[in-house]
Amino acid sequence: MASPMTARVAETTSKPDAIVEVRDICKRYGDLEALRNINLEFERGKLTTLLGPSGCGKTTLLKIIAGLVPSTSGEIRINGKVVTGPGPERAFVFQDFALMPWATVLRNVAFGLELKGVSQAERHRVAKHYIGEVGLNGFEEKYPHELSGGMRQRVGIARAFSVNADVLLLDEPFSAVDEQNRRKFQEDLLQLVEKERKTFLFVTHSIEEAVYVSDRIVLLSPRPGRVSQIIEPNIDRSAAPDVIRRDKGYLDVVEEIWQGLRQYAE
Ligand SMILES: Nc1ncnc2c1ncn2[C@@H]1O[C@H](COP(=O)(O)OP(=O)(O)OP(=O)(O)O)[C@@H](O)[C@H]1O
Ligand SMILES: [Mg+2]
């Protein structure tokens, strides 16, 4: 088969139907310059991955977009509106994501809807749907301490999906998931991207994972965090997962990104 996956470096970040706009974002923590002049746009129905060495500011950027951390300068717009704090059109799963330990899986997943005042019957219906989507059927009445780390992350993902936000911010959501489930999860994530037409911002340390799931990969360089390169893997999603993972085009993009990042390896 002709390789369908020729990566190309995007020429422009200007997208007409951008939902999330990141404009000249700079962030300092005291003397530390965490992010410098970040300009990015994110479209509906697309998954963009932030990739870069530890400490380059991926979580910081996601938290600024979430409205949880203020930027030092610049602005974030969601659907054209400047962000001043968290909002219902954004949902997130963070690295240090905490579930409510006193609440069952079902209640944790339904919690965002509970906050919105959705009736119990309706929020349980929605929550159960996403509990199924992340493969946790039968665990509705368990408590977080009864789950593995990977299962807890999946509860976080189900919760983020349940609130029906336009924008999903996923900070290393699969880091506690073992390799065989991780691949399954990557495939599930792709299905959700296609079905739900939301805007996904994803962070991972895995280059293979980034190339497999992303429409676009933003490489960040550290100290201060800056956009160093934007890569569009151009994956043919109609191909079977094992065909994609063995495709020369796919493997070439993985290698190209590794070459770009190896200078930061310790
Ligand atoms: N609350 C904070 N106070 C002070 N410095 C911070 C704070 N949060 C992050 N930093 C610093 O900002 C820089 C970027 O951190 P951040 O957590 O955004 O990186 P990251 O790319 O997500 O790293 P990792 O891949 O390890 O998760 C780091 O140097 C970090 O030490
Ligand atoms: Mg981080």
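Predicted model: local features only at pLDDT ≥ 70, side-chain atom pairs only at ≥ 80, totals over all residues.
Residues are numbered from 1 along each chain as its sequence is written, chains are lettered from A and ligands numbered from 1 in the order in which they are written, and side-chain values use heavy atoms, with hydrogens and water left out.

**View 1. The largest cavity, with a volume of about 70 Å³.** A search of the whole structure finds 1 cavity of 30 Å³ or more, a cavity being a set of points, on a 1 Å grid over the protein atoms alone, where a 1.4 Å probe fits but cannot get out; grid points are joined across faces, edges and corners, and a volume is the space filled by probe spheres set on the points. The lining, meaning residues with an atom within 4 Å of a point, consists of Glu133, Val134, Ile157, Phe161, Phe174, Phe185, Asp188, Leu189 and Leu192. By class, these residues divide into 7 nonpolar, no polar and 2 charged (Ala, Val, Leu, Ile, Met, Phe, Trp, Tyr, Cys and Pro count as nonpolar, Asp, Glu, Lys and Arg as charged, and the others, Gly among them, as polar). The helix α5 (179-196) gives the most to this lining, with 4 residues; helices are DSSP runs of H or I with at least four residues, strands are runs of E with at least two, and both are numbered from the N terminus. Because domain 1 (8-89 + 166-264) and domain 2 (97-164) both give residues to the lining, the cavity lies between them, the domain bounds coming from an automatic or database domain assignment.

**View 2. The largest pocket, with a volume of about 400 Å³.** Of the 14 residues that line this pocket, the closest to its centre are Arg90, Phe92, Gly112, Leu115 and Val163; a pocket is an open set with protein on both sides within 12 Å along at least five of seven lines. β7 (90-93), α2 (105-115) and α4 each supply at least two lining residues, and at least three come from each of domain 1 and domain 2.
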